[in-house]
Amino acid sequence: MSTASKNKGDRAERALVEHLRAAGFPRCRRTKAGGEKDMGDLSGVVDAENVEWCVQVTDRTFPGHGALLAKAATVPAQAKALGTDYWCMVVKRPRATDVGDWFVWLPLAQLLSLVTYESVNEIRGVVGDDLACVTVRAWIELVGPEVRNDPEIGGALPAQEDYR
């Protein structure tokens, strides 16, 4: 990887960490890169159900769907190294200056379990390698801590249990 590419990726990771911390994930931090114990790019992203997410960040355009799937296929092992089953891949959109507009790719079964609160094993017709893509903003609304949605501290939405 060239120095320019590494710097580009580092900038994207730092921008996402800053955005997630501001959105109510105060423990979010960059992890040590690479190696056998690669745990994704970000850790400390703990959702409203106290589940930690492995977050892989990429600031590049994929030449095709196959390349995106190949990159996504590496993230479950990173999640396992982190000690979680939950993972996502955040992809910076070209020319998108607002981190909230970046894409989040995650297994469709995990997305559906967040939306419906059903067990991943009870969801019919979803294959383990199916992926869904949402914006960072939408993902934060799905998994963000309740504090982020508390109107008394500036949040505009009701607490999560009010609308699930």
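Glutamate 13 is buried, at a relative accessible area of 10% (buried means under 20%, exposed over 50%, partly exposed in between; 1.4 Å probe, protein chains only). The model is predicted: local features need pLDDT of at least 70, side-chain atom pairs count only at pLDDT 80 or more, and totals for chains, interfaces and linings use all residues. Residues are numbered from 1 along each chain as its sequence is written, and side-chain values use heavy atoms, with hydrogens and water left out.

The structure holds four salt bridges (a side-chain nitrogen of Lys or Arg within 4 Å of a carboxyl oxygen of Asp or Glu). One of them joins arginine 30 to glutamate 13 (2.8 Å, N to O). This pair links strand S1 with helix H1, 17 residues apart (helices, H or I, have at least four residues and strands, E, at least two, as DSSP runs numbered from the N terminus). Arginine 30 also meets aspartate 10 in a salt bridge (2.9 Å, N to O). Those two residues are 20 apart, again in S1 and H1. Aspartate 10 is buried, at 14%. Arginine 30 is partly exposed, at 35%. Shared partners join Asp10, Glu13 and Arg30 into one network.

Another salt bridge pairs arginine 137 with aspartate 98 (2.8 Å, N to O). Arginine 137 lies in helix H5 (residues 136-143) and aspartate 98 in the loop between S4 and S5, so parts 39 residues apart in sequence are tied together. Both side chains belong to partly exposed residues: arginine 137 at 39%, aspartate 98 at 31%.

Asparagine 50 has a positive phi of about 65 degrees, although it is not a glycine. Its place is the loop between strands S2 (42-46) and S3 (52-58). Asparagine 50 is exposed, at 65% relative accessibility.
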